[in-house]
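Hello,

Here is the structure I promised to pass on. Please open it first, then read the notes below.

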Amino acid sequence: MVSTITKARPKPGPARSRPGPAAFLTRYGVIVFLILLVTIFALLMPRTFPTAGNLMAIVADQSIPIILALAAILPLAAGEFDLSIAAVLGFSSILSIALSNAGMPLPLVLAGTLIFGLLVGAVNAFFVVKIGINAFIGTLAMATILAGLNLLLTRGSLMTLESEEFARLTSVPGSRIQIVITYALVLVLVIWYLLERTPFGRYLRATGMGRPAARLSGVRTERYLTSSFVLAALLASFAGFLLASRSGSAPPTLGPEFLLPAYAAAFLGAATIRPGFFNVWGTVVGAFLLAVGSNGLTLMGAQTWVANVFNGVALLAAVSAWVIVARRGVNGRT
């Protein structure tokens, strides 16, 4: 029965009229707001904000959050939340530093970190898909467990990376070359291809848009839901591995601060490019919108709490926009 979906072809319909300003703003409003934000900060701070160095810093700083946001949109596309991704990032960062400092070769450090992510994703999927626990509760419990393991592994103190080889994976010491941008760009292209150009992406979205209907159509929804949790945890663990390399240290409380920006970027992304769908390029735009806002506010001398308020307001606005777009069924008409 799966073949009925793959072989389905849209029937020719009536000619569509050109989209008006409202439809344009619905699809590209977040991008317009990003351009407006950049323009305002550039006018207010012409010597500090619109510089190549600041632009490079924003892109490099967002590379790891973008990877985590990609992890967030996979379960979201399947209709579920995974609140453990930030905790997976935090513990993976700590674990990779611990393995490296213990003298383990770098390939094994990476393998060990990814295996940890694989196990976490499998456990999440087991409890959510097989046992039937609400994903919100199940992944929140996993995040709490990992927060406790952080304290166990670090013994409550900051862990510092000792390997220079590990540090060189994400940047060239003494220069402005940020290799971490390359990792993020490659993963963006891979996840985009996976979601937009493969049967996996179509079945994953079918699972998220209506699980009973997808199941009746022959889609193995449990398989795709399981895959989304496993891939999300794998991406989050790789993000943690890169974070360990880039920052060179990991505090015992590392992780939770990455959760809200990741989901804010994901929901901002669902309100642009392909409104109503969690999509890769929209998520990237959302991440940069948050980054530009935080960066501009910091350069203006705003206190730390202002950035948190900005991220929270952005998340509320993004979720509201996504709900409104979904309610109006914009995608069904555009």
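One definition to start: a residue is buried under 20% relative accessible area, exposed over 50%, and partly exposed in between (1.4 Å probe, protein chains only). R274 is partly exposed, at 29%.

Now the ground rules. This is a predicted model, where local features need pLDDT of at least 70, side-chain atom pairs count only at pLDDT 80 or more, and totals for chains, interfaces and linings use all residues. Residues are numbered from 1 along each chain as its sequence is written, and side-chain values use heavy atoms, with hydrogens and water left out.

The overall fold

The protein chain has 15 helices and two strands. These are DSSP runs, numbered from the N terminus: helices are H or I with at least four residues, strands are E with at least two. The radius of gyration is 21 Å, close to the 20 Å that the globule rule gives for 334 residues, so the chain is as compact as a globular protein of that length. That radius is taken over C-alpha atoms, and the rule is 2.2 Å times the number of residues to the power 0.38. The C-alpha atoms fill a box of roughly 65 × 55 × 30 Å, taken along the principal axes. Of the 334 residues, 45% count as buried.

Contacts are heavy atoms within 4.5 Å. Take the contacts with a separation of 6 or more: residues 24 or more positions apart account for 78% of them.

The salt bridges

Side chains of opposite charge can pair when their charged atoms come close. A salt bridge here is a side-chain nitrogen of Lys or Arg within 4 Å of a carboxyl oxygen of Asp or Glu. How many did the search of the whole structure find? It found five.

R246 lies in helix α11 (residues 221-247) and D61 in helix α3 (residues 52-77), so the pair ties together parts that are 185 residues apart in sequence. R246 is partly exposed at 30%. D61 is partly exposed too, at 42%.

Which residues are linked in a network of salt bridges? They are E196, R205 and R274. E196 meets R205 with the closest N and O atoms 2.7 Å apart. R205 is buried, at 8%. R274 also bridges to E196, at 2.6 Å between the closest N and O atoms. This pair links distant parts of the chain, 78 residues apart: R274 sits in the loop between α12 (259-269) and α13 (280-299), and E196 in helix α8 (residues 180-197).

Best wishes
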